[in-house]
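Reader: I am new to reading protein models. Could you take me through this one?

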Amino acid sequence: MAKILVLPGDGIGPEVVAEAKKILLWVQKQEGLDLEFEEDLVGGAAYDASGVPLTEQTLSLARDADAVLLGAVGGPKWEPLDYAVRPERALLRLRKELELFANLRPARVYGALVEASTLKREVIEGIDIMVVRELTGGIYFGEPRGVTGTGEARKGVNTMVYTATEIERICRLAFEIAKGRRKKLTSIDKANVLEVTELWRDVVTGIAADYPQVELNHMYVDNCAMQLVRNPKQFDVVVTGNLFGDILSDEAAMLTGSIGMLPSASLAASKKGMYEPVHGSAPDIAGRGVANPLATILSAALMLDLTLGYSDAARRIELAVENALAKGLRTADLTGGQGPASTTSEAGDQVLKELQTLYQ
Ligand code: IPM
Ligand code: MG
């Protein structure tokens with residue numbers, strides 16, 4: 001039996017997670033999958049209930065689970081809070097404690113949505129990029145960190161630090177992923193300025209010999225930001241550190257038309273994983289039932305595939321999403337302000353309908 005911990009979180013989190021769960025429960029029944037669901041609070045919702053964004057009890061449920069399905073955390077309500085209890089801390093702690101060192105963010109353009117991108121059709125048609133972001137190291141966790149001193153003497157510091165072991169672990173995974181795709185790996189650094197990424201480049205280059213099938217190239221992060229909008233089709237798998245990956249994955253996401261489409265997986269060496277949409281809690285539209293649930297539905301598909309080993313069911317869900325889009329499913333983020341939009345639950349129903357057809 002596989003245990004799934006569902007953490008809907010804040011803002012639109014509960015709305016989009018409800019649709020993903022609707023799909024999962026149907027597939028479970030249809031295929032007779034041995035899944036057990038538990039649900040708990042995280043982020044601002046947990047803070048409101050207990051004064052911390054992630055309780056020890058929730059953390060231990062997450063440790064016991066095979067996979068975590070998370071909605072989103074944060075919102076203006078909690079922005080004035082002390083840094084240590086901000087909703088985002090829950091995410092960072094879950095990543096660190098569960099050793100989810102590998103963040104996979106696939107960005108692909110659906111044919112039906114080419115027009116939804118702000119870029120020209122010929123630039124983005126057919127792009128399929130996998131951003132592999134290191135998730136438990138780098139400047140997000142480096143010491144020393146913090147703000148010291150008073151008045152004009154105040155000083156803020158964060159530290160970008162990577163060990164060769166951390167670099168090797170994420171890059172080997174990226175090579176493996178590239179082997180199963182178009183066999184091209186681009187490693188992103190700022191080796192012309194930052195020594196830590198000079199080490200990064202050195203380590204990646206060193207292990208490349210073990211993956212002769214894969215073509216490795218290196219790119220500075222500023223150039224990568226530019227190339228992503230200039231010629232995104234040159235990319236297959238992109239591997240990079242925590243901070244650069246955070247930034248570049250948002251950029252890659254937006255190429256596809258809407259950040260509401262992008263799923264993500266955060267994996268430990270054991271293949272245990274946390275799955276969440278790349279988008280945030282979108283407090284501006286929360287509670288209105290208009291959010292796009294597709295990124296969360298696709299995250300649930302990734303979970304079935306990468307952690308639970310049900311890759312056929314995962315493919316079917318992905319295909320159902322694609323078919324629903326082809327038949328005109330558009331939530332408000334995808335209409336460009338024109339034409340009628342599906343609500344969150346209508347979108348979930350439309351995907352479910354396509355899924356049912358695929359099982360007939
Ligand atoms: C992301 C988010 C998080 C990050 C925040 C919410 C802590 O931007 O998952 O990309 O910076 O990693
Ligand atoms: Mg981010």
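Author: Start with a definition. A residue is buried under 20% relative accessible area, exposed over 50%, and partly exposed in between. Keep in mind that this model is predicted.

Reader: Is Arg 108 buried, partly exposed or exposed?
Author: Arg 108 has a relative accessible area of 30%. Buried means under 20% and exposed means over 50%. So Arg 108 is partly exposed.

Reader: Which residue forms a salt bridge with Arg 108?
Author: Side chains of opposite charge can pair when their charged atoms come close. For Arg 108, the closest N and O atoms of the pair are 3.5 Å apart. The pair links distant parts of the chain, strand 4 and helix 11, 214 residues apart. The partner is Glu 322.

Reader: How many residues apart in sequence are the parts tied together by Asp 128 and Arg 181?
Author: The two side chains meet in a salt bridge of 3.4 Å, N to O. Asp 128 lies in strand 5, and Arg 181 lies in the loop between helix 6 and strand 8. The pair therefore ties together parts that are apart in sequence by 53 residues.

Reader: Which helix holds both Arg 172 and Glu 168?
Author: These two residues form a salt bridge, with the closest N and O atoms 2.9 Å apart. They are four residues apart, about one turn of the helix. An α-helix has 3.6 residues a turn, so residues three or four places apart point the same way. Both Arg 172 and Glu 168 lie in helix 6.

Reader: How much area do domain 1 and domain 2 bury between them?
Author: The domain assignment gives domain 1 as 1-101 + 262-360 and domain 2 as 128-254. Their contact takes twelve residues from domain 1 and twelve residues from domain 2. Of the area buried, 66% is on carbon and sulfur atoms. The total is about 1100 Å².

Reader: Which residues of domain 1 lose the most area to domain 2?
Author: Together they make up 55% of what the domain 1 side buries. They are Arg 95, Lys 96 and Phe 101.

Reader: How many salt bridges are there between domain 1 and domain 2?
Author: The whole structure has 25 salt bridges. Across this interface, two residue pairs are in polar contact. The salt bridge count between the domains is zero.

Reader: Is Ser 249 buried or exposed?
Author: Ser 249 is found in helix 9. Leaving aside neighbours within four places in sequence, Ser 249 is in contact with Arg 105 and Val 131. Its relative accessible area is 2%, so Ser 249 is buried.

Note on methods. Residues numbered from 1 in each chain as written. Chains lettered and ligands numbered in written order. Predicted model: local features only at pLDDT ≥ 70, side-chain atom pairs only at ≥ 80, totals over all residues. Heavy atoms only, no water. Domains from an automatic or database assignment. Contact = heavy atoms within 4.5 Å. Buried area = accessible area lost by both parts, 1.4 Å probe. Salt bridge = Lys/Arg side-chain N within 4 Å of Asp/Glu carboxyl O. Polar contact = N/O pair within 3.5 Å; in protein donor to acceptor, adjacent residues only side chain to side chain. Helix = DSSP H or I, 4+ residues; strand = E, 2+ residues; numbered from the N terminus. Buried < 20%, exposed > 50% of the residue type's maximum accessible area, 1.4 Å probe, protein only.
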